[in-house]
Amino acid sequence: MSRPAHRRPEYHKINKDLFVLTYGALVAQLCKDYEKDEDVNKYLDKMGHGIGTRLVEDFLARSCVRRCHSYSEIIDIIAQVAFKMYLGITPSVACNNSSRNEFSLILDKNPLVEFVEELPAGRTSLCYCNLLCGIIRGALEMVHLDADVAFLQDRLKGDSVTEIGITFLKKPDEKKYRRKK
Amino acid sequence: MAIFSVYVVNKAGGLIYQLDSYAPRAEAEKTFSYPLDLLLKLHDERVLVAFGQRDGIRVGHAVLAINGMDVNGKYTADGKEVLEYLGNPANYPVSIRFGRPRLTSNEKLMLASMFHSLFAIGSQLSPEQGSSGIEVLETDTFKLHCFQTLTGIKFVVLADPRQAGIDSLLRKIYEIYSDFALKNPFYSLEMPISPMQVKGHQVGGDTLEPALFIQPSWALGPSWCRCFVGRRRQLCWLHRSLQPPRRLCSSCSAWQWS
């Protein structure tokens, strides 16, 4: 055949530094715009949410994952397939809660903080990579899963590893189908 | 044409994208003199043939054009009512084109949301939990293939019943959707996709539309060249190294575009 029947989509590679520097510029600008750390964190999360709702379709289209039957399967896919596809890293998964609703992803290498030495003075509670939390939250929301995603430990704040905690909440969809009497 | 149309339906059942193939439908244009021997009636803003089948004009066909000018619903291009115009003997002889009426965009919206509801019913009827929903709807003239993503978007393709490979086509459309609709920062989710977003984009050298509808005849099997050799049509074999849609006829050595 002159054209292959099914061709993997070509990933256009760009310079990782450009991406990391762009993200850094984004966070720096947000810090200039907002005085409080909570505001910066909130807006990073919101932006990440918008990205996540769109990125999930791209992820599902390219990775051909099947429907998952448990939360641990979902977390495994996020860690091993999604993070690998988009950031090139594979965080390890840990389950915190015995009722299997709280999980955490432990990142030993985070490409986004490559050039950051330390958080600026007065910004001690800034979550630099909060965009990632928003992306995971937005992506899970598009597949009808409500989750709380936050940083539990952060290397930039002095902890030994970077840990993202994901807590699955009760599905909000059930309320919609209750008849109003 | 192997693919007839593509529909993309969002989570709520609204149609966000629709593309039809441009295969000419059965149309017949004839010149008539007064009185018209077909009985026409107004139905749903269109003038349909109610009685009087002949010469390729069948019951249910709509008036598409009068004297070469397309009609606008029940009005002619000049703004006069079609039935009134055809009732006046002074306007004859008149040339009228009849054909199968095309679906209007409102009708397509309605059909898409109805299919969405049927899909939901289909999932609920399933004896097992977690059914995939309607995947294929087969009739004698077309086959409807549906693929629902994990996020609830449905991609529906109407194709020829013999056409194979629609599953990979649906996956490909999903990839293209995720690339060109979603990554546009100004596109709001669940909103209609403008055709410009899809047409203008290159996907590895092909645009979406030709990739779907310009099906070269060789893709469906061996095809016959239009040249005659010894008063008999020869079989043309495709040169696989050539880019479609052009192929070299082995008998007349001419480039054929089919």
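1. Accessible areas here come from the Shrake-Rupley method with a 1.4 Å probe, and for residues only the protein chains shown count as cover. On that basis chain B exposes about 14900 Å², and carbon and sulfur atoms supply 55% of this surface. For chain A the accessible surface comes to about 11300 Å², of which 53% belongs to carbon and sulfur atoms.

2. A word on the basis of this note. This is a predicted model, in which local features need pLDDT of at least 70 and side-chain atom pairs count only at pLDDT 80 or more, while totals for chains, interfaces and linings use all residues. Residues are numbered from 1 along each chain as its sequence is written, chains are lettered from A and ligands numbered from 1 in the order in which they are written, and side-chain values use heavy atoms, with hydrogens and water left out.

3. Chain A contains four helices and four strands, where helices (H or I, at least four residues) and strands (E, at least two) are DSSP runs numbered from the N terminus. Along the sequence, these elements of chain A follow the pattern α-α-α-β-β-α-β-β. Of the 181 residues in chain A, 39% are buried, a term that stands for under 20% relative accessible area, with exposed meaning over 50% and partly exposed in between (1.4 Å probe, protein chains only). Among the contacts in chain A with a separation of 6 or more, 59% are accounted for by residues 24 or more positions apart; contact means heavy atoms within 4.5 Å.

4. In chain B the secondary structure comes to five helices and 15 strands. Buried residues make up 40% of the 258 residues of chain B. For the contacts in chain B with a separation of 6 or more, residues 24 or more positions apart account for 51%.

5. Within chain A, helix α2 (residues 37-63) and helix α4 (residues 130-142) have axes that come within 6 Å and cross at roughly 45°. Axes are lines fitted to C-alpha atoms, for helices over the stretch in contact, and angles run from 0 to 180 degrees between N-to-C directions. The angle makes α2(A) oblique to α4(A), since angles under 35 degrees count as roughly parallel, over 145 as roughly antiparallel, 65 to 115 as roughly perpendicular and the rest as oblique. The crossing of α2(A) and α4(A) is right-handed; a crossing is left-handed if the near helix is turned anticlockwise from the far one by less than a right angle, and right-handed if clockwise. The residues that make this contact include A:L44, A:M47, A:I51 and A:L55 of α2(A), and A:L131, A:I135, A:A139 and A:M142 of α4(A). By class, the contact of α2(A) with α4(A) has 10 nonpolar, eight polar and four charged residues, where Ala, Val, Leu, Ile, Met, Phe, Trp, Tyr, Cys and Pro count as nonpolar, Asp, Glu, Lys and Arg as charged, and the others, Gly among them, as polar.

6. Helix α2(A) also packs against helix α3 (residues 166-181) of chain B, at an angle of about 150° and with the axes 9 Å apart. The two helices, α2(A) and α3(B), are therefore roughly antiparallel to each other, and their crossing is left-handed. On the α2(A) side the contact involves A:R54, A:E57, A:D58, A:L60, A:A61 and A:R62, which meet B:Y174, B:E175, B:Y177, B:S178, B:D179 and B:A181 in α3(B). These residues divide into five nonpolar, one polar and six charged.

7. Two cis peptide bonds in chain B deserve a look. One joins B:Y34 and B:P35, with omega about -10°, and B:P35 has its place in the loop between β3 (27-32) and β4 (39-43) of chain B. Another runs from B:Y92 to B:P93, with omega near -5°, and B:P93 lies in the loop between α1 (82-87) and β8 (94-99) of chain B.

8. Positive phi values are a further point to check. A:H144, a residue other than glycine, has phi near 60°; A:H144 is placed in the loop between α4 and β3 (147-153) of chain A and, at 36% relative accessibility, counts as partly exposed. In chain B, B:N67 has a positive phi of about 55° although it is not a glycine. B:N67 is found in the loop between β6 (62-66) and β7 (69-70) of chain B, and with a relative accessible area of 40% B:N67 is partly exposed.
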